[in-house]
Amino acid sequence: MGQGNEYKEQQKTDYQKLLAPLFSYIPYLKDKEGQKTRSIYQNENVELKSVPVPVYDGTVLAFVKEAQRTGLVTRNYIYSYQKIGAKNPKDERLYVSGATFQDIDVIISIISKYVLGGMTKGVMWSEAVEEGVWLHCLIKLKDLLEVYDHPLA
């Protein structure tokens, strides 16, 4: 087996180990696609003025923490993300649908965009679930890693 194949094998193994915990969220993301995953909490006492606070589904927050724990979420996502020229979630899903093993870093950049963006603009987490961005990214990653689940020839 050539040196290039050994490198790909190692990459595949590394990605499988790191992404396996995220794949367990696929059923949840399928179920929640197109649905709201956040609500707004406001103090019901009219005399006390308070800022509306978004309240997120606990599973969304768990997914975000798990994604960060993988170590794959990168603040440099913008460099890979710019390659695809996506303007909206539909463009992102379209890119992901045609992605290959060599595009895994770009798919992870799309996930990173929403994980990190949601830290300052919380609506991005909900958007990623409602629009099915995270779902399509994870399904594609799982498919790509399963296709390459046998030795690369």
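# Buried charges and paired rings

Reader: Why is K113 called buried?

Author: K113 has a relative accessible area of 16%. Buried means under 20% relative accessible area, exposed means over 50%, and partly exposed lies in between (1.4 Å probe, protein chains only). Since 16% falls under the 20% limit, K113 counts as buried. A word on the ground rules: this is a predicted model, where local features need pLDDT of at least 70 and side-chain atom pairs count only at pLDDT 80 or more, while totals for chains, interfaces and linings use all residues. Residues are numbered from 1 along each chain as its sequence is written, and side-chain values use heavy atoms, with hydrogens and water left out.

Reader: What makes the contact of K113 with E92 a salt bridge?

Author: The closest N and O atoms of K113 and E92 are 2.8 Å apart. A salt bridge asks for a side-chain nitrogen of Lys or Arg within 4 Å of a carboxyl oxygen of Asp or Glu, so this pair qualifies. K113 sits in helix α6 and E92 in helix α5 (residues 89-97), 21 residues apart, and the pair links distant parts of the chain. Helices here are DSSP runs (H or I, at least four residues; strands are E, at least two), numbered from the N terminus. E92 is buried as well, with 0% relative accessibility.

Reader: How many salt bridges does a search of the whole structure find?

Author: The search finds 5. One of them joins K12 and E9, with the closest N and O atoms 3.3 Å apart. Both residues lie in helix α1, 3 residues apart, about one turn of the helix. K12, at 5% relative accessible area, is buried, and E9 is buried at 17%.

Reader: Why are E146 and K142 called partly exposed?

Author: E146 has 43% relative accessibility and K142 has 32%. Those values lie in between the two limits, so both residues count as partly exposed. Their side chains meet in a salt bridge, 3.6 Å from N to O. The two are 4 residues apart in helix α8, and are therefore separated by about one helical turn. An α-helix has 3.6 residues a turn, so residues three or four places apart point the same way.

Reader: What makes the pair of Y25 and F63 edge-to-face?

Author: Rings of Phe, Tyr and Trp (its six-membered ring) pair if their centres lie within 6.5 Å; planes under 30 degrees apart count as stacked, over 60 as edge-to-face and the rest as tilted. By this rule there are 2 aromatic pairs. The rings of Y25 and F63 have centres 5.3 Å apart and planes at 80°, so the pair is edge-to-face. Y25 lies in the loop between α1 (3-23) and α2 (26-32), and F63 lies in helix α3 (residues 58-70), 38 residues apart. Y25 is buried at 14% relative accessibility, and F63 is buried at 2%.

Reader: Why is the pair of F63 and W134 called tilted?

Author: Their ring centres are 4.5 Å apart and their planes meet at 40°, so the pair is tilted. This pair also links distant parts of the chain, with F63 in helix α3 and W134 in helix α8 (residues 133-147), 71 residues apart. W134 is buried, at 0% relative accessibility. Ring pairs link Y25, F63 and W134 into a cluster.

Reader: Which residues have the most contacts inside the largest nonpolar core?

Author: They are L29 and W134, in a core of 42 residues. Such a core is a set of buried Ala, Val, Leu, Ile, Met, Phe, Trp, Tyr and Cys residues joined through side-chain atoms within 4.5 Å. Helix α6 gives the most to this core, with 9 residues. Contact in general means heavy atoms within 4.5 Å. Leaving aside neighbours within four places in sequence, W134 is in contact with residues including L29, F63, I111 and W125.

Reader: How do you know that E66 is buried?

Author: E66 has 17% relative accessibility, under the 20% limit, so E66 counts as buried. E66 lies in helix α3 and touches P21, L22 and Y25, not counting residues up to four places away in sequence.
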